[in-house]
Amino acid sequence: ESLKQQIVERKAILKEQGLSGGQQNKDEEVVRMVNRMTELKEKQEPGSTKKEKDSKKDSKKKTPLSQEEQKEFGKLQQDIELYKHKLKTEFGYNAKDMKADPDLQDMEARLAAFEKRS
């Protein structure tokens, strides 16, 4: 707790000197105190300071698209292009109107989901 208070006080001094938050965090003394505080937290509760993102990355490994999904992906790309062309030519939509179209948004969201996996 006292270390935390020292960090807050040091940052207040640095702020008065006109440093931004990022610059304050890079200050040697602040970095040293934060590292020390992290070490103490880790001693008190092992594993508490480890990033959860690392474990999430392992579970979300990209799985290649099956052949059926690849066909669906290609068809969806074509459908989007045809739909955009139809909106432009038949309905006179401009780019802004197309972005607001709910059907197109849905199609592009599905396409983005495929792209994330491939």
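Arg36 has a relative accessibility of 38% and counts as partly exposed; buried means under 20% relative accessible area, exposed over 50%, and partly exposed in between, with a 1.4 Å probe and protein chains only. Glu39 is also partly exposed, at a relative accessible area of 43%. The side chains of Arg36 and Glu39 form a salt bridge with an N to O distance of 3.4 Å, where a salt bridge is a side-chain nitrogen of Lys or Arg within 4 Å of a carboxyl oxygen of Asp or Glu. Both residues lie in helix H3, three residues apart, about one turn of the helix. Helices (H or I, at least four residues) and strands (E, at least two) are DSSP runs, numbered from the N terminus.

Salt bridges that share partners also join Arg10, Asp27 and Glu29 into one network.

## Basis of the model

The model is predicted: local features need pLDDT of at least 70 and side-chain atom pairs count only at pLDDT 80 or more, while totals for chains, interfaces and linings use all residues. Residues are numbered from 1 along each chain as its sequence is written, and side-chain values use heavy atoms, with hydrogens and water left out.

Six salt bridges are found in a search of the whole structure. In one of them, Asp27 pairs with Arg10, the closest N and O atoms being 3.1 Å apart. This pair links distant parts of the chain, 17 residues apart: Arg10 is in helix H1 (residues 2-16), and Asp27 is in the loop between helix H2 (21-26) and helix H3 (28-44). Asp27 is buried, with a relative accessible area of 16%.

Arg10 also meets Glu29 in a salt bridge, at 3.7 Å from N to O. Because Glu29 lies in helix H3 and Arg10 in helix H1, the pair ties together parts that are 19 residues apart in sequence. Glu29 is partly exposed, with a relative accessible area of 34%.

## Nonpolar cores

A nonpolar core is a set of buried Ala, Val, Leu, Ile, Met, Phe, Trp, Tyr and Cys residues joined through side-chain atoms within 4.5 Å. The largest has 10 residues: Leu65, Phe73, Leu76, Ile80, Leu87, Met98, Leu104, Met107, Leu111 and Phe114. At least two residues of this core come from each of helix H5 (67-89) and helix H7 (102-117). A second, separate core has five residues, among them Leu3, Ile7, Leu14 and Val30.

Apart from neighbours within four places in sequence, Phe114 is in contact with Leu65, Glu69, Glu72, Phe73 and Leu76, contact meaning heavy atoms within 4.5 Å.
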